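Dear colleague,

Please find the structure below, handed over for your own reading. My notes on what was found follow directly after.

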Amino acid sequence: MKQMICKTSDVLPEGHVRVFPFLGRNVQVWRMADRVRAAANVSLHLGGTLESKDGAFVCHWNGALSEMIDGRRLSDLAPANTGLMFLPTRIEGDDLVDVWGETS
């Protein structure tokens, strides 16, 4: 199952993140090297929203940091099994699409 997240032309240059509505939730979308990545705009620890800062995502509620490259947590403020929830995506034409059942 495929669902469009956004147009790739609407994704900001590398180093910047943009939030898009997606299936009733918000997702963070950003460029990293030659890829466009998308992750749920939610901390997997407590469900707080995320803010991008200095190459990482920061939870608004507790300050926990997650790496933008691979989603792993960078601080001890959250349990070891938390990080970013990436969406499995691919680019089709000018569309960034979520593809259920594929790995990101």
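Strands (E, at least two residues) and helices (H or I, at least four residues) are DSSP runs, numbered from the N terminus. Please keep in mind that this is a predicted model, in which local features need pLDDT of at least 70 and side-chain atom pairs count only at pLDDT 80 or more, while totals for chains, interfaces and linings use all residues. Residues are numbered from 1 along each chain as its sequence is written, and side-chain values use heavy atoms, with hydrogens and water left out.

The cavity

A cavity is a set of points, on a 1 Å grid over the protein atoms alone, where a 1.4 Å probe fits but cannot get out; lining residues have an atom within 4 Å of a point. Grid points are joined across faces, edges and corners, and a volume is the space filled by probe spheres set on the points. The count comes to 1 cavity of 30 Å³ or more, and the largest cavity holds about 60 Å³ of space. Its lining has 13 residues, and those nearest the centre are Ser43, Leu44, Ala64, Ser66 and Gly83. The lining of the largest cavity is made up of 7 nonpolar, 5 polar and 1 charged residues. Here Ala, Val, Leu, Ile, Met, Phe, Trp, Tyr, Cys and Pro count as nonpolar, Asp, Glu, Lys and Arg as charged, and the others, Gly among them, as polar.

Two strands pair if DSSP finds at least two bridges between them. Strand 5 (residues 50-53) and strand 6 are joined by 4 bridges, and Glu51 stands opposite Val58 in strand 6. These two strands form a hairpin with 2 residues between them, where Asp54 has a positive phi of about 55°. Strand 6 and strand 7 are joined by 3 bridges, with Ala56 facing its bridge partner Glu67 in strand 7.

The sheet of strands 2, 3 and 4

A further open sheet of 3 strands has the order 2-3-4, again with antiparallel pairing. Strand 2 (17-22) and strand 4 (35-40) stand at the edges, each with a single partner strand, so one side of each lacks a neighbour in the sheet. Strand 2 is joined to strand 3 by 6 bridges, and Val17 stands opposite Trp30 in strand 3. In their hairpin, which has 2 residues between the strands, Leu23 takes a positive phi near 50°. Strand 3 (residues 25-32) is joined to strand 4 by 6 bridges; Met32 has Arg35 in strand 4 as its bridge partner.

The chain as a whole

The chain has 0 helices and 9 strands. Of its 104 residues, 40% count as buried (under 20% relative accessible area, with a 1.4 Å probe and protein chains only). The C-alpha atoms fill a box of roughly 40 × 25 × 20 Å, taken along the principal axes.

With kind regards

Methods. 1 Å grid on protein atoms, 1.4 Å probe; cavity = no way out; pocket = protein on both sides within 12 Å on 5 of 7 lines; lining within 4 Å. Buried < 20%, exposed > 50% of the residue type's maximum accessible area, 1.4 Å probe, protein only.
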